[in-house]
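Student: I would like to go through a structure with you, one topic at a time. Could you show it first?
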Amino acid sequence: VGVGDGDGDDGNDSKEKDLYFVPSALDRLRCLRRSISNRHPLYDDIHALVVDLESNDPYDGGGTRCYESIYATFQGIMKAQKLHSLLLQRTIYDEMIHEGSSNSTSTSIHRFVGDILIVYFLMGHVASGIVEGVNESKWITRLSNKHMEVNDMHTTAYLWYQRFICYYSSLLRTIPLTSDQMIRMGLANEEMVNRKMCRYRTSQDGSYLISQSPFCKGVDKTAVLNEILSHEDSVSVSCTLYDFGPLGPAFRGRDNVQFAYLTPTKQGIESIEALNRIPCSQYNCSYDVPDVIASLRSNQFDPLLELINLRRESKKTIPINVKSGSIKVHIK
């Protein structure tokens, strides 16, 4: 349970502090495990972390404990901390997991979506102080450092991949979402959404926006977001999807290939800046609604819709003779 500035049922500011539900780290990790594809290279480690936390029997405070019992509990806590930190470090620093060329880097859709969700959940834990081991400020400084763009174009392309992971995960940690959007994006399950909504005393329709936890937003990312925006014309992200046509009596149909560029980052970055300037209590007001709020309520916010569609693709069962979809970051 967290404490924050209250907002009334009609969206008006309240002078009193309000209580609201904050999911536990275990709840969020279970949601992460369910949300990413089991083909993601870190899925087994995420599963191991969840199982380890579920099997950790908390001390009930009764009786006398021997040294071996206390030490075993301490080891269990440290193991989970180390695995959590390792998962995050392998996501934001490992450069050997992507295919690269002189001016691009590419990876599968399930890897791309999984990386975004891992940073969304795990970096949120770091920002809220639940877990230590990764310094978000150093990561942001590294991504915003122009001197990182060296003559090795593959290193530069991979750096841009990480910048886009930062951008999309920051977008998800900032924008308020409807309950349906949160579930479809894999940020919460129905139980978590219902517990989030229980603080509101009046019934809400499907367009009611749930704000992100203020504890999980982390450090200011203006520097890296501005760096992305300043190179919008020279760096692009594209998506390639493979599917097959309708089955016929004599053949299985031709393979279908769909190619598209993702929405330019300007809309998302400007939305992050706009939302950082207004209080959460205005997200559901019926007057003076910013464009980003209106588009989220009507489910027409393009960056979010693209991420939801990519997550759906990442969870599809791929036939053995159909290639997995890919994401490519290209430097012009």
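**Salt bridges, rings and helices**

Tutor: Both E136 and K221 are buried. Please keep in mind that this is a predicted model.

Student: What do E136 and K221 form with each other, and how far apart are the closest N and O atoms?

Tutor: They form a salt bridge, with the closest N and O atoms 3.3 Å apart. The pair links distant parts of the chain, 85 residues apart. E136 belongs to helix α5 (residues 136–144), while K221 sits in the loop between α8 (190–197) and α9 (222–230).

Student: How many salt bridges does the count come to?

Tutor: The count comes to nine salt bridges. One of them joins the side chains of D115 and R111, at 2.9 Å from N to O.

Student: Where are D115 and R111 placed in helix α4?

Tutor: Helix α4 covers residues 109–127, and D115 and R111 are four residues apart in it, so about one helical turn separates them. An α-helix has 3.6 residues a turn, so residues three or four places apart point the same way.

Student: Are D115 and R111 buried or exposed?

Tutor: D115 counts as buried, at 0% relative accessibility. R111 also counts as buried, at 4%.

Student: And what about E313 and K316?

Tutor: Their side chains meet in a salt bridge of 3.0 Å, N to O. E313 is buried, with a relative accessible area of 18%, whereas K316 counts as partly exposed at 36%.

Student: Where do Y158 and Y161 lie?

Tutor: Both are in helix α6 (residues 153–172), three residues apart, which is about one turn of the helix. Y158 is buried, and Y161 is buried as well.

Student: Which residues do ring pairs link into a cluster?

Tutor: The cluster contains F112, Y158, Y161, Y167 and Y168.

Student: What lies over the face of W160?

Tutor: R163 does, at 4.5 Å from the ring centre.

Student: Let us move to helix α10. How far apart are its end C-alpha atoms?

Tutor: They are 17 Å apart. Helix α10 (residues 265–276) has 12 residues, which at 1.5 Å a residue should span 16 Å, so the two values agree.

Student: Which residues of α10 are buried?

Tutor: The buried residues of α10 are T265, G268, I269, S271, I272 and L275. Seen down the helix axis, these buried residues fall within an arc of 155°, so they line one face of α10.

Student: One last topic. What is the phi of N299?

Tutor: N299 has a positive phi of about 60°, although it is not a glycine. N299 is found in the loop between α11 (291–297) and α12 (302–314).

Student: What is the relative accessible area of N299?

Tutor: The relative accessible area of N299 is 29%, so N299 is partly exposed.

How values were computed: Residues are numbered from 1 along each chain as its sequence is written. This is a predicted model: local features need pLDDT of at least 70, side-chain atom pairs count only at pLDDT 80 or more; totals for chains, interfaces and linings use all residues. Side-chain values use heavy atoms; hydrogens and water are left out. Helices (H or I, at least four residues) and strands (E, at least two) are DSSP runs, numbered from the N terminus. Buried means under 20% relative accessible area, exposed over 50%, partly exposed in between (1.4 Å probe, protein chains only). Rings of Phe, Tyr and Trp (its six-membered ring) pair if their centres lie within 6.5 Å; planes under 30 degrees apart count as stacked, over 60 as edge-to-face and the rest as tilted. A charge sits over a ring if NZ of Lys or CZ of Arg is within 6 Å of the ring centre and within 35 degrees of the ring normal. The expected span of a helix is 1.5 Å times one less than its number of residues. The arc is that of the directions from the helix axis to the C-beta atoms. A salt bridge is a side-chain nitrogen of Lys or Arg within 4 Å of a carboxyl oxygen of Asp or Glu.
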